[in-house]
Amino acid sequence: MTTTTLITVAPTGAESSKTDVPALPVTLDELVATAKECEAVGASIIHVHLRDDAARPTLDLGRLRDTVAALRAETGLIVQLSSGGAVTDPEDDRIRVLDAAPDMASCTMGTVNFGDDVFLNRWEFIVALHEEMRERAIVPEYEIFDLGHLTSLQRLLDKHGLPFGGHVHVDFVLGVPGGAPGTAETVVAFKHALRDLPDGTTFSATGIGRSTLPVLLASLSAGGHLRVGMEDTVTYAKGQPVESNAQLVARAAGFARLAQRPPMAVTEARALLGIRA
C-alpha cells in the first residue's frame with residue numbers, strides 16, 4: 001500500500017462539446033488556468049487533449065508544442081499528452097504528438113469499442129509508440145480498457161523491454177460503453193492481473209460518468225492512484241454539472257486524505273515514474 005496518492009487530471013478530452021459543457025477548458029489560456037488551479041489542490045499530472053479555434057479536437061503539432069511549453073512555464077505539473085486523440089485520428093498524427101516532447105504520453109494497449117465507434121490500436125502501432133517513447137525519453141502511461149489489454153502489455157514488455165525510466169505505470173479506464181465496467185469488482189480483478197507484470201508496477205484508475213466515485217474509492221482502497229477530470233465526467237452529482245476540473249481534483253484529494261494517503265507531491269511523482277530531469 002502506497003502512503004501517498006498520485007492524482008492525474010484529464011481536463012478536456014475529445015468527446016464533450018464546449019456548447020454542451022461551457023466549463024470545459026478548450027483554449028490555451030483556459031487550459032493553463034485549469035492546470036494551475038488543479039496543481040494547487042493536489043494534481044501532479046495533467047493528461048492533455050487539445051481543441052482548435054472552433055473547439056474541435058485537434059492534434060496540430062504547433063498547438064501541442066505551444067501547450068507543452070506553456071504548461072511547463074506556468075506550472076510544475078508532469079505534462080502527459082494523449083496519443084489517442086479522437087477515435088477518427090490517423091496513426092501518423094497520433095504518434096506525431098511525441099514530437100512535442102512531453103514528459104509522458106498515453107499508450108493504449110488494444111482496440112476497444114467506444115460507444116458507437118471503434119478506438120483502433122493495432123499491435124504494430126502499440127509497439128511503435130512504446131519504442132518511440134523510449135528513444136525520446138518519454139514515459140508512457142499504458143491505458144487499459146479491458147482485461148486482455150493487460151495481457152497485451154505483458155507481451156509488449158516481454159518482447160520489447162521496459163519503457164524509458166524502467167517503471168511501469170498503467171491506468172485502468174473503466175465504464176466506457178464497450179469496455180470493462182466501472183465497478184469495484186473490476187478494479188480488484190485488474191489489480192490482481194498486475195501480478196504478471198514487473199515488480200513495482202503501479203496503477204491509476206479512471207471511472208467514466210457515473211462510475212467515477214465507485215472506481216475512485218475502490219482504487220484508493222486497493223492501493224492505487226487516481227485520474228479525474230471533465231474528460232471523464234461532466235456531472236459532479238446527480239443533476240449537478242461539474243463547475244471546474246479543480247472541483248473534481250479537490251474531491252479526489254479529500255478522499256485521498258481520508259484514506260490517509262494524501263496527494264503525492266510532483267517531485268515524488270517524477271521520481272516514482274522515472275521522469276527525466
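The model is predicted, so local features need pLDDT of at least 70 and side-chain atom pairs count only at pLDDT 80 or more, whereas totals for chains, interfaces and linings use all residues. Residues are numbered from 1 along each chain as its sequence is written, and side-chain values use heavy atoms, with hydrogens and water left out.

**Helix α9**

Helices (DSSP H or I, at least four residues) and strands (E, at least two) are numbered from the N terminus. In α9, which spans residues 266-273, V266, A269 and L273 are buried (under 20% relative accessible area with a 1.4 Å probe, protein chains only; exposed is over 50%). These residues lie on the same side of α9 because they cover an arc of only 55° around the axis, taken from the directions from the axis to the C-beta atoms. T267 and A271, on the other side of α9, are exposed. The cover over the buried residues includes α1 (28-41), β2 (45-48) and β10 (169-174), with contact meaning heavy atoms within 4.5 Å. Just after α9, G274 has a positive phi of about 75°.

**Cavities**

Two cavities of 30 Å³ or more are present; a cavity is a set of points on a 1 Å grid over the protein atoms alone where a 1.4 Å probe fits but cannot get out, and lining residues have an atom within 4 Å of a point. Volume is the space filled by probe spheres set on the points.

| Cavity | Volume | Lining includes |
|---|---|---|
| Largest | about 40 Å³ | A205, R227, D232 |

In the largest cavity, β11 (202-207), α7 (212-221) and β12 (225-228) each supply at least two lining residues, and β11 gives the largest share, three residues.

How values were computed. On a 1 Å grid over the protein atoms alone, a cavity is a set of points where a 1.4 Å probe fits but cannot get out, and a pocket is an open set with protein on both sides within 12 Å along at least five of seven lines; lining residues have an atom within 4 Å of a point.
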